[in-house]
Amino acid sequence: LNDFKLSFFNKQIKFFFEENLLQLINVSNINFKKLIYYKLMKTFIGGIGCFWDEKKYEGIDGIVSTECGYCGGDEPNVTYKAVCGGDTGHIEVVKVQYDEKTKSYEDMVRLFFELHDSTQVNRQGTYVGIQYRSEIFYANDEEKEIAEKILDEMNKKLDGKVSTKVSKEKNYCKAEGYHQKYEKNKSLKFG
């Protein structure tokens with residue numbers, strides 16, 4: 001692979017490896033070894049209220065990307081309108097891709113608790129409804145143990161008032177395009 005070179009002449013290429021997306025844009029005569037970013041990103045999914053709060057993750061060392069979505073309900077694909085109706089069981093979440101060389105899953109869970117008020121039930125600030133509940137979605141038993149351990153710590157610290165749920169990731173789906181980077185796009189549009 002060291003000498004293998006790719007020449008795609010300004011084509012956009014997307015590589016998928018398991019759940020990790022590597023985007024390579026405008027590739028032309030680049031050494032393949034340098035081109036492919038072998039380090040796999042890890043994923044954290046959490047509901048901290050309105051998913052527009054994805055902006056709270058911006059600029060934090062180790063955070064690679066964020067995506068607004070829905071998780072925890074019974075249907076595999078839902079819409080904003082359906083989730084807001086409260087009947088799907090989904091909540092608004094932020095899916096965070098992070099670099100495991102900089103952040104651990106435990107770091108991400110602790111950050112989750114720093115970014116919102118976990119004592120509010122089915123709301124965050126002015127956003128009220130079951131879709132705004134505080135919830136961590138885990139992918140495996142190790143993540144579940146870490147999330148539950150930190151939840152217990154937070155409950156002791158906050159006199160048992162934490163409303164956060166810890167649940168198995170279920171039926172995650174990406175939110176509509178107009179929700180992605182909403183606050184950033186809104187400020188660009190309306191200045």
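Mentor: A disulfide is a pair of cysteine sulfur atoms within 2.5 Å, and in this model, which is predicted, a search of the whole structure finds 0 disulfides. For Cys71 the reason is distance, because its sulfur is 8.4 Å from the closest cysteine sulfur, in Cys173, which is too far for a bond.

Now to the helix, α3, which covers residues 105–114 and whose buried residues are Tyr105, Met108, Val109, Leu111, Phe112 and Phe113. These buried residues pack against the strands β5 (42–48), β6 (63–71), β7 (91–98) and β10 (134–138), and against the helix α4 (141–157). The largest nonpolar core has 30 residues, and among those with the most contacts inside it are Tyr105, Met108, Val109 and Phe113, together with Phe44, Tyr57 and Ile136. Two or more residues of this core come from each of β5, β6, β7, α3, β10 and α4, and α3 gives the most, with 6 residues. In soluble globular proteins, nonpolar side chains tend to be buried together.

Met108 lets you follow the packing residue by residue: leaving aside residues up to four places away in sequence, Met108 touches Phe44, Tyr57, Ile63, Val96, Tyr98 and Lys103.

How values were computed. Residues are numbered from 1 along each chain as its sequence is written. This is a predicted model: local features need pLDDT of at least 70, side-chain atom pairs count only at pLDDT 80 or more; totals for chains, interfaces and linings use all residues. Side-chain values use heavy atoms; hydrogens and water are left out. Buried means under 20% relative accessible area, exposed over 50%, partly exposed in between (1.4 Å probe, protein chains only). Helices (H or I, at least four residues) and strands (E, at least two) are DSSP runs, numbered from the N terminus. Contact means heavy atoms within 4.5 Å. A nonpolar core is a set of buried Ala, Val, Leu, Ile, Met, Phe, Trp, Tyr and Cys residues joined through side-chain atoms within 4.5 Å.
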